[in-house]
Amino acid sequence: MVEDEGRIRDIILDYFTAHEMTCDVARDGVEALEYIRIKEYDVMILDVLMPRLDGFGLCKEIRKKSKVPILFLTALGSEEDTLKGYALGGDDYVTKPFSLAVLLAKTRALIRRGHGENPSGVLTCGAISVDTRRHLCKVLGEEVKLSPREYELLVCFMRNKGQVMSREQLLDKVWGLDFQGEDRAVDVRIRSLRFTLGSAGGQIKTMYRMGYKLEEES
């Protein structure tokens, strides 16, 4: 989230955290670019009227390198400003004052869209499908029982299919920042997940010295 007003930042951060959403905050576009250089995000919420680099300028910079979903949150509510936001590559537009519940719902919808989920919450990749609402995994239409950690790991791969995920990224997204163990825990759990997925386990590829990647074919 990129917002220069501290009170609004704190209100949104508290609300999102209470609803199990992890959120980094930046005070202007320049600071946000520093975050983007070192970390990938599922969605970005941008204010427009900010010092140094405003939201429209930041959106242009982001779109040079990334297709991350962007939601504008701003006091600029004219039709001209709204259309400009969409023209620059924004995916949604919320004007202040706003409902926290609506902002959260729109943010979650953009995350689902960015992860390739259809409206029913089902992720698919090759022979594997995961119903994220029912926590149900199938391989070639047959249900597969996963442990909680295997399920979280598979969903992470499904939402980032085709992308190389380093051990550090997987630890961050699946185990959490507070994990104190070794990164080899990822290797152990992936071996287990491959075995559980059976014939589809080969879709999880080892990328030498880089990490792992989920592909459509085994």
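Cys-125 has Ile-128 in strand E5 as its bridge partner. These residues belong to a predicted model, where local features need pLDDT of at least 70, side-chain atom pairs count only at pLDDT 80 or more, and totals for chains, interfaces and linings use all residues. Residues are numbered from 1 along each chain as its sequence is written, and side-chain values use heavy atoms, with hydrogens and water left out. Helices (H or I, at least four residues) and strands (E, at least two) are DSSP runs, numbered from the N terminus. Two strands pair if DSSP finds at least two bridges between them.

- Strand E4 (residues 122–125) pairs with strand E5 (residues 128–131) in the antiparallel sense, over 4 bridges.
- Val-122 stands opposite Asp-131 in E5.
- E4 and E5 form a hairpin with 2 residues between them. In its turn, Gly-126 has a positive phi of about 60 degrees.
- E5 also pairs with strand E6 (residues 136–139), again antiparallel and over 4 bridges.
- Ile-128 stands opposite Val-139 in E6.
- The hairpin of E5 and E6 has 4 residues between the strands. His-135 takes a positive phi there, near 55 degrees.

- The order E4-E5-E6-E7 describes an open sheet of 4 strands with antiparallel pairing.
- E4 and strand E7 (142–144) are the edge strands, each pairing on one side only.
- Neighbouring strands of this sheet are turned by 25 degrees against each other on average, direction ignored.
- H6 packs on the sheet and touches E4, E5 and E6. The direction of H6 makes about 110 degrees with that of E5.
- Axes are lines fitted to C-alpha atoms, for helices over the stretch in contact; angles run from 0 to 180 degrees between N-to-C directions.

**Packing of H6 and H7**

- Helix H6 (residues 148–159) packs against helix H7 (residues 167–175) at an angle of about 120 degrees, and their axes are 10 Å apart.
- H6 and H7 are therefore oblique to each other. Angles under 35 degrees count as roughly parallel, over 145 as roughly antiparallel, 65 to 115 as roughly perpendicular and the rest as oblique.
- H6 passes H7 in a right-handed crossing. A crossing is right-handed if the near helix is turned clockwise from the far one by less than a right angle, and left-handed if anticlockwise.
- From H6, Arg-149, Glu-152, Leu-153, Cys-156 and Phe-157 make the contact. H7 contributes Leu-170, Lys-173, Val-174 and Trp-175. Contact means heavy atoms within 4.5 Å.

- A second topic is the open sheet of 3 strands in the order E1-E2-E3, with parallel pairing.
- Strand E1 (44–46) and strand E3 (92–95) are its edge strands, and each pairs on one side only.
- The twist averages 20 degrees from one strand to the next.
- Strand E2 (residues 70–74) runs parallel to E3, joined by 4 bridges. Leu-71 stands opposite Asp-92 in E3.
- Helix H3 (residues 55–63) lies across E1, E2 and E3, at about 175 degrees to E2.

**Domains and annotation**

- The domain assignment gives domain 1 (6–115) and domain 2 (122–214). Such bounds come from an automatic or database domain assignment.
- The C-alpha centres of domain 1 and domain 2 lie 28 Å apart.
- In an unreviewed UniProt entry, the annotation "domain: Response regulatory" covers residues 1–111. UniProt positions follow the numbering used here, feature names are shortened, and annotations may be inferred rather than shown by experiment.
- Residues 1–111 are 48% helix and 11% strand, with end C-alpha atoms 14 Å apart.
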